[in-house]
Amino acid sequence: MSIVVLEKARIIDPSRMLDEIGTVIVEDGRVKEAGAGALNQGFPEGATVKDCSGLTIMPGLVDAHVHVGEPGAEHRETIASASRAAAAGGVTSIVTMPDTDPVIDDVALVEFVLRSARDTALVNVHPAAAITKGLKGLEMTEFALLQGAGAVALTEGRRTIASALVMRRALTYARDFSAVISHETQDPDLASYGVMNEGLFASWLGLPGIPREAELITLERDLSLARLTGGAYHASKLSTAISAAAVSRAKADGADVTAGVSINNLALNEMDVGEYRTFFRLTPPLRAEEDRAAMVEALKSGAIDIIVSSHDPQDVDTKRLPFSEAAPGAIGLETLLAAALRLHHNGEVPLLRLVEALSTAPARRFGLDAGTLKPGASADLILVDLDAPWVVKEDDILSRSKNTCFEGALMQGKVLQTLVAGRTVFSTE
Amino acid sequence: MTEPQAFPPFRHRHLLGIGSLSPQDIELLLDRAEAAVAISRRPDKKISTLRGRTQINLFYEASTRTQSSFELAGKRLGADVMNMAVASSAVKKGETLIDTAMTLNAMRPDILVIRHSAAGAAALLAQKVGCSVINAGDGAHEHPTQALLDALTIRRAKGKLARLVVAICGDVLHSRVARSNIILLNAMGAQVRVIAPSTLLPAGIERMGVERFTRIEEGLKGADVVMMLRLQRERMAGAFVPSIREYFRFHGLDAAKLKVAKEDAIVMHPGPMNRGVEIASAIADGPQSVIQEQVEMGVAVRMAVMEALLETQIGTEAGA
């Protein structure tokens, strides 16, 4: 019987709307108590007690959109290396995308991911499975069997389903099993050759643009189908003011919809592309400053529910190319919290709401035992120094790929210790 | 055989775009090019400013015209010129641009001239090699020597660039020539118009320092210079415009439309032309056309650019 006591910390627990100085007691991998009520109690003999004055404890982050290279591209990232990066970033649960090689569209492949995770991962790994076989956008996968094997969501990863009919049937059928359909909504025709946000800046660079409507048109279709079918729908990564407004309308209509935003679309804008910097080629693309600001506002108001890292490891072979030929994507597990804390430090989003969007909300949406410090919950939690300054350096990155958008960036807020089920999986000590 | 002529220093290691040049830089290059014109018109066209220097032309897109212009410019300056036959090289076997660049760099060239279909390719190359890089066209981004040769042609015909009304007509969306010209002409104080069907204009064109027209009859009113752009074949049949005949009818330059421009307006085209698509043969070969002169100025401008860059290199080495 192991007992860990973390004393006198600021405790943030959005699941109970709690922000107070208190103590966390972890017993046998579960939270026994967390809050002011646990202060100044006697502790059982043999407890490890740590004074956490001045530090903050929050539930470990739940990252609902993570690409790993396993299976198929292990030179970019394995489940093990992604989990080390996650642990260092304070992320205790990750939802992995199915667009690997082979595609996670079969029970045996879900089992493969879970087996590899069990043997090698430091954090909780929850696979998402494909909506359609081979991600071809045609035939449905075995939703219920996949769910039974451990898939927590159905998604096409980077792909968008072109057919409204296929999407309708997926939402309808998924509803019978309360499965969530998570979708990236970028109209493949309208976005076609586009490689960055459409506008003046792209025009000067001579790069084909992606209009905001490429995201909105598919999103509006999906939201209409969610209303029609009553299915559970999650728009995985939105980037524009008009998309956030569409989600708000659907929510007001009572549809079972939620939406996510990549940390990159909250922290950066199209100008960061600079002189063809391929690490800033992302999907959705970095948008204009007005859209970035609108996404922050939508996050604050709750129109957008979830923040994801959109962690997408890419190697030299896919990034050291001319901008339009480079693969989109950036890693983000290790910088997710620190980049999000910028919104807290500059007063844009309250800390409790930020942690909710980074942890409690995704856990709730995908039905995970995480995102809370309620007594009895799995002791997935992180100890954070909210003010500690640090600089992102390529050499320190644990991820196998180094394609970060934050190289050289000054961050404020550092993870000191990460616990998964009560076990320390990362510590700066 | 050199006539040493002192020019102010050109403080650039590469020529990647007009965007990084000041009006003074542009004037300087045009002045140097004037001197090069004189050399090219002599019976003995060869000087030795670049003797012993190596120039490599790396053309990922076929372009007989630009490539031979660069080749001739290098040879007239006395450089050893090598054309990388990209189509039959390792590039076809999947070698990346950077790997090819590193390989060429190891052969210690002094100048690398690159043409590539991707915007930013020249800048990417410049980060990885030790020599000067000249952008001979990167995607829809820039084609700086084309804008310079256009400016030289205009300056010789009109005596100035400032306050001239220049109409750029056609596929601005995909055109690096248009972008480089818009930047250069604005920097030199000309008044720039673009005339095109709206499907061939980039987003935000109104904020690129130009006046926008969709009717050529209106856009050409009072123009001093009419600059036609090439319309790529694959864009003619339904994708961006419905057909060649509709395009020619509304946007092709013929005698009736040209009448609207100033009487002494000059007509330009970067080549290769699609006769009967963007320009009528009678205009292309007519008295107002300076298209042949543009080709001649191309060699001169490229000589000027290479000389200026090499002087900078030597200056840097001496200073180091």
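The side chains of R292(A) and E348(A) form a salt bridge, with an N to O distance of 3.9 Å. R292(A) belongs to helix α10 (residues 289-301) of chain A and E348(A) to the loop between α12 and α13 (351-365), so the pair ties together parts that lie 56 residues apart in sequence. R292(A) is buried, at a relative accessible area of 12%, whereas E348(A) is partly exposed, at 24%. The model described here is predicted.

Helix α12 of chain A is mostly covered, with 7 of its 10 residues buried. The buried residues of α12(A) are L336(A), L337(A), A338(A), A339(A), A340(A), L341(A) and L343(A). Just after α12(A), G347(A) adopts a positive phi of about 80 degrees.

## Nonpolar cores

The largest nonpolar core holds 104 residues, and the members that touch the most others are I181(A), Y233(A), L266(A), I307(A) and L337(A). Helix α12 (residues 336-345) of chain A provides the largest share of this core, 7 residues. Domain 1 and domain 2 of chain A both give residues to the core, so it lies between them. In soluble globular proteins, nonpolar side chains tend to be buried together.

What does I181(A) contact, leaving aside its neighbours within four places in sequence? The contacts of I181(A) are I131(A), F143(A), L154(A), M167(A), A170(A), L171(A), A174(A), A232(A), Y233(A) and H234(A). Another core, of 72 residues, lies apart from the largest one; among its members are L200(A), L30(B), I154(B) and L161(B).

## The two domains of chain A

Chain A is divided into domain 1, covering 3-57 + 378-391 + 409-427, and domain 2, covering 59-365. Taken over C-alpha atoms, the centres of domain 1 and domain 2 of chain A are 29 Å apart. Their contact involves 27 residues from domain 1 of chain A and 26 residues from domain 2 of chain A.

About 2000 Å² is buried between domain 1 and domain 2 of chain A, and carbon and sulfur atoms give 71% of that area. The count of salt bridges between these domains is 0, while 5 residue pairs are in polar contact across their interface, both residues being at pLDDT 80 or more. On the side of domain 1 that touches domain 2, at least two residues each come from β1 (3-13), β2 (18-27), β16 (381-391), β17 (410-420) and β18 (423-427) of chain A. β17(A) gives the most to that side, with 8 residues.

## The interface between chains B and A

In the contact between the chains, 23 residues of chain B meet 15 residues of chain A. Chain B and chain A bury about 1500 Å² between them, with 66% of it on carbon and sulfur atoms. Within chain B, A119(B), A203(B) and M208(B) lose the most area to chain A, together 29% of what that side buries.

Which residues form the salt bridge between D99(B) and its partner in chain A? D99(B) pairs with R320(A), and the closest N and O atoms are 3.9 Å apart. The count between chain B and chain A is 1 salt bridge. The interface of chain B and chain A also has 3 residue pairs in polar contact, both residues at pLDDT 80 or more. α3 (97-106), α4 (121-128) and α6 (176-187) of chain B each supply at least two residues of the side that touches chain A.

## Other salt bridges

Over all chains, the count comes to 36 salt bridges. R249(A) and E220(A) meet through their side chains in one of them, at 3.1 Å from N to O. This pair links distant parts of the chain, with R249(A) in helix α8 (residues 241-252) and E220(A) in helix α7 (residues 212-229), 29 residues apart. R249(A) is partly exposed, with a relative accessible area of 44%, and E220(A) is partly exposed as well, at 26%.

D253(A) forms a salt bridge with R227(A), and the closest N and O atoms are 2.7 Å apart. D253(A) sits in the loop between α8 and β14 (257-262) of chain A and R227(A) in helix α7, 26 residues apart. D253(A) counts as exposed at 52% relative accessibility, whereas R227(A) is partly exposed at 34%. In chain B, a network of salt bridges links E27(B), D31(B), E34(B), R155(B), R156(B) and E293(B).

Notes
Residues numbered from 1 in each chain as written. Chains lettered and ligands numbered in written order. Predicted model: local features only at pLDDT ≥ 70, side-chain atom pairs only at ≥ 80, totals over all residues. Heavy atoms only, no water. Core = buried A, V, L, I, M, F, W, Y, C linked by side-chain atoms within 4.5 Å. Buried < 20%, exposed > 50% of the residue type's maximum accessible area, 1.4 Å probe, protein only. Helix = DSSP H or I, 4+ residues; strand = E, 2+ residues; numbered from the N terminus. Domains from an automatic or database assignment. Contact = heavy atoms within 4.5 Å. Buried area = accessible area lost by both parts, 1.4 Å probe. Salt bridge = Lys/Arg side-chain N within 4 Å of Asp/Glu carboxyl O. Polar contact = N/O pair within 3.5 Å; in protein donor to acceptor, adjacent residues only side chain to side chain.
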